[in-house]
Amino acid sequence: ARGSWTENADLVVVAVPVRHAAPLLTAAGGLDAGEQALSGIRTASSAVVALEVDRSTNLPERSGILVATDEPVPFKAMTFTSHKWPHLDTRPGHLVRVSFGRLDDDEVLASDDAALTRMAGSALGGLCGSVPTILHSRVRRWTDALAEIGPGHDARIAGVRAELAERLPGVELVGGATEGVGVPACIGSARAAARRLAAKWQD
């Protein structure tokens, strides 16, 4: 939804993509030098195709694969969800996620959902030996959501947080651009921020 509104809060956790965090925190008076630090973090867009494929598909006996950036394939990762999280393996078919999108290469993301689904099925077929029968599919897209975590990143984020602590105490920044884009990293970052805020609130 578009528009603006006002909320009163003692403590705030900002958990948005970094390209939105920088102007948001600057407008709130929390960043000066930190805005440039955050704006300098490169990002990539991504799309994830979730597939349910027929049980006749012979999934590799691993939880998933990551693709090196110089490999000539359109996808960057594949998760065999039914193997990685067996408690989710309750549907008629196997569950698989195929991720697309890399830094400086958003061309594949210009494809529509149907084309991405075909690419995901073809990629899975290349690993399994035959193109799978897709029972269901769903595509989700995130614009500029994946941050590049390069050398000096920890110091960059520490500087941003120090500036926030001085100018906007009670505000914490978390997300894929702080401790890393993986789910465990994001959860750990959020929990650490919550602990820091809870300690301030208890004081």
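## Basis of the model

Because the model is predicted, local features need pLDDT of at least 70 and side-chain atom pairs count only at pLDDT 80 or more, while totals for chains, interfaces and linings use all residues. Residues are numbered from 1 along each chain as its sequence is written, and side-chain values use heavy atoms, with hydrogens and water left out.

## The largest pocket

The volume of the largest pocket is about 1,500 Å³. A pocket is here an open set of points, on a 1 Å grid over the protein atoms alone, where a 1.4 Å probe fits and protein lies on both sides within 12 Å along at least five of seven lines; lining residues have an atom within 4 Å of a point. Grid points are joined across faces, edges and corners, and the volume is the space filled by probe spheres set on them.

The lining comprises 47 residues, and those nearest the pocket centre are Lys76, Leu146, Val181, Gly182 and Val183. Two or more lining residues come from each of α1 (18–27), β2 (43–53), β3 (64–66), β4 (75–79), β5 (94–100), β6 (134–147) and α6 (183–202). Strand β6 contributes the largest share, five residues. Helices (H or I, at least four residues) and strands (E, at least two) are DSSP runs numbered from the N terminus. By class, the lining has 29 nonpolar, twelve polar and six charged residues; Ala, Val, Leu, Ile, Met, Phe, Trp, Tyr, Cys and Pro count as nonpolar, Asp, Glu, Lys and Arg as charged, and the others, Gly among them, as polar.

## Nonpolar cores

A nonpolar core is a set of buried Ala, Val, Leu, Ile, Met, Phe, Trp, Tyr and Cys residues joined through side-chain atoms within 4.5 Å. The largest has 20 residues, with Met78, Val98, Phe100 and Leu124 making the most contacts inside it. Elements β2, β4, β5 and α4 (113–128) each give two or more residues to this core, and α4 gives the most, five.

Beyond neighbours within four places in sequence, Leu124 contacts Val53, Thr57, Leu59, Met78, Phe80, Val96 and Pro132 (contact: heavy atoms within 4.5 Å). Apart from this core lies another of 17 residues, among them Ala21, Ala22, Leu25 and Ile157.

## Residue His153

His153 lies in helix α5 (residues 153–167). With a relative accessible area of 4%, His153 is buried (under 20%; exposed is over 50%, partly exposed in between, with a 1.4 Å probe and protein chains only). Not counting residues up to four places away in sequence, His153 touches Ile41, Glu148, Ala177 and Thr178.
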